[in-house]
Amino acid sequence: MIKRSCMTTLCYVERDGSYLMLHRNVKKDDVNEGKWIGIGGHFEEGESPEECLLREAREETGLTLTSFQFRGLVTFSQAGFGTEYMCLYTADGFTGELRDCDEGRLEWVKKSELGGLNLWDGDRIFLDLLAGGAPFFSLKLRYEGDSLREAVLDGRPLPDKIQKG
């Protein structure tokens, strides 16, 4: 039996000022239940980040990505779920027809409306970095439950992004 990889991909597919978002509202025992996220998932044995990205995009959306960019590395840790290293991408080219996803509902959401969605607080940080055209970055996010307790960008703490309490 192959152990589940701690490496994942996450991609925000862009079209007409919108991102393709996945409302995670189907899977049982889903750490992302009720949240809106990009598309992606865990690496399979022997996959490169790009191979994982392309496979996950095809599996979750039916789309074949034709133009994408590696934007950052995000280190997530959460009590009870361990640590995950996520390769963050954006994509602005694809072929194929969007189909239903068995992990939730796919929807094109205007970038200007992302703030109104139920997002992880750490996702808000990297979505802001993407929106601002940030160069490649490393972001560490540590959670306790749904509460963001630590955010570190390129080795520098972001204390103003941490939830109090």
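I started with Glu-44, which forms a salt bridge with Arg-55; their closest N and O atoms are 3.5 Å apart. Glu-44 lies in the loop between strand 4 (39-42) and helix 1 (49-61), while Arg-55 is in helix 1, so the pair ties together parts that are 11 residues apart in sequence. A reminder to myself that this is a predicted model.

Next I asked myself: is Arg-55 buried or exposed? I found Arg-55 buried, with a relative accessible area of 9%. The cut-off for buried is under 20%, so a value like that qualifies.

Then I went to Arg-105. Arg-105 makes a salt bridge with Glu-107, and here the closest N and O atoms are 2.2 Å apart. I looked up the exposure of both: Arg-105 has a relative accessible area of 39% and is partly exposed, and Glu-107 is partly exposed as well, at 31%.

Glu-150 comes out partly exposed with 24% relative accessible area, and Arg-142 counts as partly exposed at 29%.

Which residues do salt bridges with shared partners join into one network? I noted Glu-44, Glu-47, Arg-55, Glu-56 and Glu-59, which takes me back to the pair I began with, Glu-44 and Arg-55. For the whole structure I wrote down 13 salt bridges.

While on charges, I checked where they sit on average. The chain has 21 positive and 29 negative charges, and their mean positions are 4 Å apart.

Now the overall fold. I count two helices and 10 strands in the chain. Read from the N terminus, the order is β-β-β-β-α-β-β-β-α-β-β-β. The radius of gyration is 15 Å, close to the 15 Å the globule rule gives for 165 residues, so the chain is as compact as a globular protein of that length. Along the principal axes, the C-alpha atoms fill a box of roughly 45 × 45 × 30 Å.

Last entries, on contacts and surface. Among contacts between residues at least 6 apart in sequence, 63% join residues at least 24 apart. Of the 165 residues, 46% count as buried. I put the accessible surface at about 8800 Å², with 50% of that belonging to carbon and sulfur atoms.

Methods. Residues are numbered from 1 along each chain as its sequence is written. This is a predicted model: local features need pLDDT of at least 70, side-chain atom pairs count only at pLDDT 80 or more; totals for chains, interfaces and linings use all residues. Side-chain values use heavy atoms; hydrogens and water are left out. Helices (H or I, at least four residues) and strands (E, at least two) are DSSP runs, numbered from the N terminus. The radius of gyration is taken over C-alpha atoms; the globule rule is 2.2 Å times the number of residues to the power 0.38. Buried means under 20% relative accessible area, exposed over 50%, partly exposed in between (1.4 Å probe, protein chains only). Contact means heavy atoms within 4.5 Å. Accessible areas come from the Shrake-Rupley method with a 1.4 Å probe; for residues, only the protein chains shown count as cover. Lys and Arg count as positive and Asp and Glu as negative; His and the chain ends are not counted. The place of a charge is taken as NZ of Lys, CZ of Arg, CG of Asp or CD of Glu. A salt bridge is a side-chain nitrogen of Lys or Arg within 4 Å of a carboxyl oxygen of Asp or Glu.
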